[in-house]
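Please examine the sequence and the structure shown here before reading on. The briefing is intended to be read with both in view.

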Amino acid sequence: MAHVRKTTHSRKTAARKKTSVRRSTAHKSTKRAAPKRWSQRVTKESDALDLKRGVFTLTSPKKIAASLKRSAEHSARRKTGAYRSALSMLTFYINRAGKTLPKTQRTRLEKAKVELKRAFGRE
């Protein structure tokens, strides 16, 4: 009798293992189907803003804010107000860069947020 119980237990364990393997395999295959560089596609194709090339690499936070403001006010692709669009594009860039963004540039972009507030009179 002890032998039968052990075999039954082994079968159940084996069945569970197969199921978990199938689930994880199926999950991985759906991840591969996702398009690469989705953030690049969002920047180019979404109704966000028409940005000046290299705006986030400018050296002055005031210049970054002025460029974003100009782009936001003249863009026909934005859905919300100019301030909200400009700020969300700046935040989007900072978040997507993540840990790879150098501290000096991150600091400059965070200061650009403050300058953007000033430029739109939202202090």
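The points below begin with the chain as a whole and then turn to one helix and its surroundings.

This is a predicted model. The secondary structure of the protein chain consists of 5 helices and 0 strands.

**The chain as a whole**

- Along the sequence, the elements of the protein chain follow the pattern α-α-α-α-α.
- The protein chain has 123 residues, and buried residues make up 21% of them.
- Consider the contacts in the protein chain between residues at least 6 apart in sequence: 63% of these join residues at least 24 apart.

**Helix α5: length and end**

- Just after α5 comes glycine 121, which takes a positive phi of about 65°.

**The buried side of α5**

- The buried residues of α5 are Gln105, Leu109, Ala112, Glu115 and Leu116.
- These residues lie on the same side of α5, because they cover an arc of only 110° around the axis.
- Among the elements that cover the buried residues of α5 are α3 (61–74) and α4 (82–97).

**The packing of α4 with α5**

- The axes of α4 and α5 come within 11 Å and cross at roughly 170°.
- Angles over 145 degrees count as roughly antiparallel, and the crossing angle therefore makes α4 roughly antiparallel to α5.
- On the α4 side, the contact is made by Tyr83, Ala86, Leu87, Leu90, Thr91, Tyr93 and Ile94.
- On the α5 side, the contact is made by Gln105, Arg106, Leu109, Glu110, Ala112, Lys113, Leu116 and Lys117.
- By type, the residues of the contact of α4 with α5 divide into 9 nonpolar, 2 polar and 4 charged.

- Glutamine 105 is located in helix α5.
- Why does glutamine 105 count as buried? Its relative accessibility is 13%, and buried means under 20%.
- Leaving aside residues up to four places away in sequence, glutamine 105 touches Phe56, Thr57 and Tyr93.
- Glutamine 105 of α5 and Tyr93 of α4 are also among the residues that make the contact between the two helices.

Conventions. Residues are numbered from 1 along each chain as its sequence is written. This is a predicted model: local features need pLDDT of at least 70, side-chain atom pairs count only at pLDDT 80 or more; totals for chains, interfaces and linings use all residues. Side-chain values use heavy atoms; hydrogens and water are left out. Buried means under 20% relative accessible area, exposed over 50%, partly exposed in between (1.4 Å probe, protein chains only). Helices (H or I, at least four residues) and strands (E, at least two) are DSSP runs, numbered from the N terminus. The arc is that of the directions from the helix axis to the C-beta atoms. Contact means heavy atoms within 4.5 Å. Axes are lines fitted to C-alpha atoms, for helices over the stretch in contact, and angles run from 0 to 180 degrees between N-to-C directions. Angles under 35 degrees count as roughly parallel, over 145 as roughly antiparallel, 65 to 115 as roughly perpendicular and the rest as oblique. Ala, Val, Leu, Ile, Met, Phe, Trp, Tyr, Cys and Pro count as nonpolar, Asp, Glu, Lys and Arg as charged, and the others, Gly among them, as polar.
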